[in-house]
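Me: I'm new to this one. Can we go through it piece by piece?

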Amino acid sequence: MIEVKELHKRFGELHILKGITTTIEKGEKVVIIGPSGSGKSTFLRCLNRLEQPTSGVIRFEGEDMTSMNDKQLHAVREKMGMVFQHFHLFPHLTIRKNITLAPVKLGLMSQQEANAKADELLKKVGLSDKAEQYPNQLSGGQKQRIAIARSLAMNPDVLLFDEPTSALDPEMVGEVLELMRELAAEGMTMVVVTHEMGFAREVASRVIFMDNGQIMEENEPQAFFSNPQNPRLKEFLSKVL
Amino acid sequence: MNFFTQFGDKLYSTFIEDDRWMYLADGLKTTLIVTFFAVIVGVILGFLLAVIRATHDKTGRLKFLNFLAKIYLTVIRGTPVVVQLLIIYFVIFASINVDKIFVAVLAFGLNSAAYVAEIVRSGIMSIDNGQFEAGASLGLNYTRTMIHIILPQAIRNILPALANEFIVLLKETSVAGYIALTDLTKGGDIIRSATYEAFLPLLAVALIYLIMVMLLSWLVSRLERRLSKSDRG
């Protein structure tokens with residue numbers, strides 16, 4: 001589904017990504033872990049071209065994203081949802097409008113269809129009673145669940161999660177991870193940057209360890225956590241587990 | 001007793017005799033018309049300039065338009081509005097017989113646009129970049145993101161500053177007399193030159209401006225209260 005080849009990203013003098021090559025298959029749940037500044041968020045943001053790669057190839061369902069024009073890029077992003085660390089809900093719109101804005105404005109659904117979809121998604125994320133409220137009336141965990149519902153309203157083929165629980169109070173992490181587990185069980189293709197090792201161990205079909213702009217190790221979670229090979233990964237795991 | 005009769009006589013000669021109060025009434029009408037349409041010109045052009053400037057700052061596109069916008073802002077904000085008014089009337093429309101109200105609307109509108117543009121631009125730039133990214137990640141293009149996500153939030157943030165700009169504009173139109181347009185200020189001045197009595201007509205003019213500004217300020221503060229109330233958290 002997503003194919004990445006020799007991906008490099010530089011910010012001026014800084015060389016953030018130093019040749020990433022990997023493939024994400026349909027239905028996979030890829031969890032990316034690594035220390036701060038390892039480039040994992042930048043890598044994720046390159047996947048939907050919120051960051052423009054300096055060189056390399058990213059293919060989404062066979063099409064090269066790095067050379068796309070804006071129109072093609074927007075079409076790809078419709079199929080590629082993203083959940084941010086700080087939610088980025090639209091504060092001036094009700095929860096319902098947050099969810100329905102994109103599908104309606106892009107002409108994918110009528111307002112009525114989108115409203116029905118929003119009701120269904122709100123039920124799924126357990127926030128049916130919040131439809132007419134505004135984002136700032138919700139707790140962090142609720143906001144993130146709405147952000148996930150907003151992405152799902154576009155019927156994406158893949159969801160990218162950029163540290164979805166890092167900005168949450170500890171007691172709210174669980175509700176968001178629970179929802180992500182549900183999505184994974186339903187077969188959603190997911191790429192998750194996170195520090196939640198428990199989630200990686202239980203949900204991931206593959207775990208990637210990034211350090212210093214490179215993939216140092218990738219494996220299925222059992223072997224990844226019980227028998228790490230790379231010395232940097234061993235050191236990292238010994239600190240976080 | 002003498003003082004009161006004298007004062008009564010002055011009131012009579014200033015406002016009642018020859019229906020002189022009409023100068024103030026007609027002048028006020030002109031002032032309001034010029035301000036109203038200048039605000040419309042200022043808002044439309046100001047938003048356009050602001051979106052050009054902000055788009056360039058955010059995306060690096062529209063280089064040439066941004067360059068023109070910057071020159072416009074520099075020139076308009078760097079020269080007095082009276083001079084701009086005179087140039088438009090006596091230079092640009094010198095050979096054409098043109099309605100003075102139209103000239104005044106154009107001059108004050110073009111001038112106000114520059115200030116509105118900077119207010120709106122600061123409003124757009126104050127919106128968290130995450131809002132742009134959230135829009136983009138949902139497949140919305142830049143224009144749609146701007147219209148449906150960024151501008152509604154930006155406008156809400158800048159409404160008080162924008163309203164204050166309109167109050168300033170209302171007072172600035174008092175120089176319209178330079179092109180012999182009979183606005184409120186000029187109306188008072190005509191009475192002064194007819195009666196050789198300066199105090200009462202000018203005091204009346206000042207009072208009328210003051211009342212209008214206080215009224216507008218009151219509306220602005222009500223607006224601010226409403227906004228902060230609906231600003232949940």
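**Rings, charges and strands**

Reply: Let's start with a ring. At 17% relative accessibility, Phe93(B) is buried. Buried means under 20% relative accessible area, exposed over 50%, and partly exposed in between, using a 1.4 Å probe and protein chains only. This is a predicted model: local features need pLDDT of at least 70, side-chain atom pairs count only at pLDDT 80 or more, and totals for chains, interfaces and linings use all residues. Residues are numbered from 1 along each chain as its sequence is written, chains are lettered from A and ligands numbered from 1 in the order in which they are written, and side-chain values use heavy atoms, with hydrogens and water left out.

Me: How many aromatic pairs does the structure hold over all chains?
Reply: Eight. Phe93(B) and Phe102(B) make an edge-to-face pair, 6.0 Å centre to centre with 70 degrees between the planes. Rings of Phe, Tyr and Trp (its six-membered ring) pair if their centres lie within 6.5 Å; planes under 30 degrees apart count as stacked, over 60 as edge-to-face and the rest as tilted.

Me: Phe102(B): what is its relative accessible area?
Reply: The value is 41%, so Phe102(B) is partly exposed.

Me: Are Phe132(B) and Tyr142(B) buried or exposed?
Reply: Both are buried. Elsewhere, ring pairs link Phe3(B), Phe4(B) and Phe7(B) into a cluster.

Me: Which residue lies over the face of Phe90(A)?
Reply: Arg150(A), at 4.5 Å from the ring centre. A charge sits over a ring if NZ of Lys or CZ of Arg is within 6 Å of the ring centre and within 35 degrees of the ring normal. Arg201(A) lies over the face of Phe225(A), at 4.9 Å.

Me: New topic. How many salt bridges are there over all chains?
Reply: The search finds 22. A salt bridge is a side-chain nitrogen of Lys or Arg within 4 Å of a carboxyl oxygen of Asp or Glu. One joins Glu178(A) and Arg181(A), at 3.7 Å from N to O. Both lie in helix H6 (residues 170-185) of chain A, three residues apart, about one turn of the helix.

Me: What about Glu118(B) and Arg77(B)?
Reply: Their closest N and O atoms are 3.9 Å apart, in a salt bridge. Glu118(B) lies in helix H5 (residues 100-125) of chain B and Arg77(B) in helix H3 (residues 63-78) of chain B, so the pair ties together parts 41 residues apart in sequence. Glu118(B) is buried at 19%, whereas Arg77(B) is partly exposed at 40%.

Me: And the strands: how do E1 and E2 of chain A run?
Reply: Antiparallel, with eight bridges joining E1 (residues 2-11) to E2 (residues 14-24) in chain A. Two strands pair if DSSP finds at least two bridges between them. Glu3(A) has Thr23(A) as its bridge partner in E2(A).

Me: What sits in the hairpin of E1(A) and E2(A)?
Reply: Two residues lie between the strands, and Gly12(A) takes a positive phi near 60 degrees.

Note on methods. Helices (H or I, at least four residues) and strands (E, at least two) are DSSP runs, numbered from the N terminus.
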